[in-house]
Amino acid sequence: MIHFMLLFSRQGKLRLQSWYVPGADKNKKKITRELMTITLNRKVKHCCFFDWKDLKIVYKRYASLYFLCAIEPEDNELLTLELIHRYVELLDKYFGSVCELDIIFNFEKAYFILNEFVLGGEVQETSKKSVLKAVASQDVIAEEETSSHGFFEEHGLG
């Protein structure tokens with residue numbers, strides 16, 4: 001089970017976080033700071049997973065972004081790396097070569113894609129096609145709401 005997923009820049013700026021276990025915000029911030037510091041200080045040649053407290057940390061750097069997952073000690077690190085890679089592929093497909101700015105300005109889409117893929121700390125959908133189809137459907141609904149809202153305002157009904 002995934003306990004949480006963090007997405008942060010090389011400068012230590014948190015771009016996305018998803019927690020699948022309850023905890024106080026103060027504690028989450030402390031954990032986030034600590035893990036970002038550890039990860040950013042690791043050498044490039046180091047393995048991309050390590051033990052931390054009672055969890056296993058798995059991370060992968062893509063361009064200027066780090067994707068980090070905290071998993072149970074008995075969970076498979078390689079499957080978690082694959083999960084991270086699949087999420088990056090989904091972001092790439094949706095945004096067309098995703099970059100940090102896409103995450104910053106479209107964070108709600110990044111969260112939506114993640115929530116279609118992972119729910120409650122477990123992978124819900126492994127098919128990229130299915131996830132992207134759900135995201136496209138949501139885009140259509142959002143577009144319809146936006147256009148109907150404009151119609152009502154335009155005619156003095158909103």
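1. Start with lysine 56. At 8% relative accessibility, this lysine counts as buried. Here buried means under 20% relative accessible area, exposed means over 50%, and partly exposed lies in between (1.4 Å probe, protein chains only). The model is predicted: local features need pLDDT of at least 70, side-chain atom pairs count only at pLDDT 80 or more, and totals for chains, interfaces and linings use all residues. Residues are numbered from 1 along each chain as its sequence is written, and side-chain values use heavy atoms, with hydrogens and water left out.

2. Confidence. pLDDT is the predictor's confidence in each residue, from 0 to 100. The chain averages 89, and 93% of the residues score at least 70. Strand S5 (residues 65-71) has the highest confidence in the chain, at 97. Helix H5 (residues 128-154) has the lowest, at a mean of 75. Helices (H or I, at least four residues) and strands (E, at least two) are DSSP runs, numbered from the N terminus.

3. Which partner does lysine 56 have in its salt bridge? The partner is glutamate 77, with the closest N and O atoms 2.8 Å apart. Lysine 56 lies in strand S4 and glutamate 77 in helix H2, so the pair ties together parts that are 21 residues apart in sequence. A salt bridge is a side-chain nitrogen of Lys or Arg within 4 Å of a carboxyl oxygen of Asp or Glu. By this rule the count comes to four. As background, side chains of opposite charge can pair when their charged atoms come close.

4. Strand S4 covers residues 55-62. Six of its eight residues are buried, so S4 is largely enclosed by the rest of the structure.

5. S4 and its partner S3. Strand S3 (residues 49-52) pairs with S4 in the antiparallel sense, over four bridges. Two strands pair if DSSP finds at least two bridges between them. Aspartate 51 stands opposite lysine 56 in S4. The two strands form a hairpin with two residues between them. Lysine 53 sits in that turn and has a positive phi of about 50 degrees.

6. S4 and its partner S5. This pairing is also antiparallel, over seven bridges. Isoleucine 57 faces alanine 70 in S5 across the pairing, standing opposite it. Again there is a hairpin with two residues between the strands. Alanine 63 in the turn has a positive phi of about 55 degrees.

7. Glutamate 74 is placed in the loop between S5 and H2. Is this residue buried or exposed? At 64% relative accessibility, glutamate 74 counts as exposed.

8. A pair within H2. Arginine 86 forms a salt bridge with glutamate 89, the closest N and O atoms being 3.4 Å apart. Both residues lie in helix H2, three residues apart, about one turn of the helix. Arginine 86 is partly exposed, at 22% relative accessible area. Glutamate 89 is partly exposed too, at 23%.

9. A pair between helices. Lysine 109 forms a salt bridge with aspartate 139, with 2.4 Å between the closest N and O atoms. This pair links distant parts of the chain: lysine 109 is in helix H4 (residues 107-117) and aspartate 139 is in helix H5, 30 residues apart. Lysine 109 is buried, with a relative accessible area of 13%. Aspartate 139 is partly exposed, at 22%. Keep in mind that H5 has the lowest confidence in the chain.

10. Further along H5. Glutamate 145 is found in this helix. At 53% relative accessibility, glutamate 145 counts as exposed. The C-alpha atoms of glutamate 145 and tryptophan 52 are 45 Å apart, with the residues 93 apart along the chain.

11. The largest pocket. A pocket is an open set of points on a 1 Å grid over the protein atoms alone, where a 1.4 Å probe fits, with protein on both sides within 12 Å along at least five of seven lines. Lining residues have an atom within 4 Å of a point. The largest pocket holds about 290 Å³ of space. Its volume is the space filled by probe spheres set on the points, with grid points joined across faces, edges and corners.

12. Its lining. The largest pocket is lined by 15 residues, and Ile2, Leu79, Thr80, Leu83 and Val123 lie nearest its centre. Helix H2 (77-95) and strand S7 (122-123) are the elements that give two or more residues to this lining. H2 gives the most, with five. The lining divides into seven nonpolar, four polar and four charged residues. Ala, Val, Leu, Ile, Met, Phe, Trp, Tyr, Cys and Pro count as nonpolar, Asp, Glu, Lys and Arg as charged, and the others, Gly among them, as polar.
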